[in-house]
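Hi,

Here is the structure I promised to pass on.

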Amino acid sequence: MKGTILHGPRDVRFEEVPEPKILKPTDVIIRLSATCICGSDLWPFRGLNEVTEPMAMGHEYCGIVEETGSAVKTVRPGQFVVGSFCISDNTCPHCRFGFQSSCEQREFMTGAQAPLARVPLADGTLVATLDMPSDDLIPSLLATSDVLGTGWYAADAARVQQESTVVVVGDGAVGLMGVLAAKQMRAGRIIAMSRHKTRQDLALEYGATDIVSERGDEGIVRVKTLTNGVGADSVLECVGTQESMRQALQCARPGAMIGYVGVPHGVQFDGQQLFFSQRGLLGGPAPVRRFLPHLMDLVLERKINPGKVFDLTLPLADVAEGYRAMDERRAIKTLLRV
Ligand SMILES: [Zn+2]
């Protein structure tokens, strides 16, 4: 079969790869219904993470179980499943506390930008639907696998409450999903920071009440003005740069929580500043498995439409163009039809 391999900066190829096989009794092989490109795939694509050997790309996935290992109990061939980008056993102490992304057996999914993929620890990672979902729900179900799960975690970690004031830093796909999540958690005010018209429009559709297009100090002043000089109760940091983290900290009020899900690149904290700021920080790779059953239900009941974040759909064979479109910000997020 053909799959997606990153050979080096801006060198992504759809090329012949071996078909995945069951390697351990807890594995399954799935046939993907759709897959997509993650904002985090752009870090190695842009050469900001070193690529030392060819990488099998793709960690967001949903599809039909093709084959199960002998120890797999909860899913069977023919079922439709969604899984987290973090592989977990869902039984160790960290998993039981709801931090499956720190599972003692954690692995990160790879190789999902392909027609078939191997999912390790299937019982602890995958969630099956009761019936075969309707085709138009596939993009939204795919979104639960990472981008929505991550935006949801940002809101959960930032402790968004009913009627609270929330700031979302970052208008990429995860930031937009953070807006959706804050709306579902019944935030009273959702301030989305975005400079791009199409992203502002989608943020408003997902529930943003205010748009702040200024950045840096100007953006911080605007948020302070909108919150009567106090700052927000919750801030979702969905970028991962020093500038976005500084913005998140400064937009939050003392006692606020910051949920940070943008993978940090070059972010540093000053201990004394953090001490006197009295802001809480919780982030990291999202424990999507904790939220998956609920998020899949919301999609299946058509209460949310996270799939709208995919504004470009391409055949899997054109995956390289999908990377370029996201890199050049021509697309928010690319869905790949298998
Ligand atoms: Zn675990």
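Three strands, β1 (2-8), β8 (107-108) and β9 (116-119), each put at least two residues into the lining of the second largest pocket. Of the elements involved, β1 gives the most, with three residues. Keep in mind throughout that this is a predicted model.

A bit more on that pocket. The space in it comes to about 310 Å³. The lining is made up of 21 residues, and P18, P20, A56, T110 and G111 are the ones that lie nearest the centre. Sorted by class, the lining has 14 nonpolar residues, five polar ones and two charged ones.

D41 is buried and yet has no salt bridge. Which side chain of opposite charge is nearest to D41? That would be K333, at 6.8 Å, whereas a salt bridge needs a side-chain nitrogen of Lys or Arg within 4 Å of a carboxyl oxygen. If you leave out residues up to four places away in sequence, D41 touches C36, M57, H59, Q113 and Y323.

Then there is helix α5 (residues 147-157). Of its 11 residues, 10 are buried, so the helix is largely enclosed by the rest of the structure. The buried ones are V147, L148, G149, T150, G151, W152, Y153, A154, A155 and A157. What do they pack against? On the helix side, the partners are α4 (138-144), α6 (173-184) and α11 (288-300); on the strand side, they are β14 (232-237), β15 (252-260) and β16 (280-283). Step just past the end of α5 and you get to R159, which takes a positive phi of about 55 degrees.

Last one: L202, which is found in helix α7 (residues 197-206). Is L202 buried or exposed? L202 counts as buried because its relative accessibility is 9%, and the cut-off for buried is under 20%. Setting aside neighbours within four places in sequence, L202 is in contact with L176, K308, V309 and I332. L202 and M177 are 25 residues apart in sequence, and their C-alpha atoms are 10.0 Å apart in space.

That's the lot from me.

Cheers

How values were computed:
Residues numbered from 1 in each chain as written. Predicted model: local features only at pLDDT ≥ 70, side-chain atom pairs only at ≥ 80, totals over all residues. Heavy atoms only, no water. 1 Å grid on protein atoms, 1.4 Å probe; cavity = no way out; pocket = protein on both sides within 12 Å on 5 of 7 lines; lining within 4 Å. Points joined across faces, edges and corners; volume = space filled by probe spheres on them. Helix = DSSP H or I, 4+ residues; strand = E, 2+ residues; numbered from the N terminus. Nonpolar A, V, L, I, M, F, W, Y, C, P; charged D, E, K, R; others polar. Buried < 20%, exposed > 50% of the residue type's maximum accessible area, 1.4 Å probe, protein only. Lys, Arg positive; Asp, Glu negative; His and termini not counted. Contact = heavy atoms within 4.5 Å.
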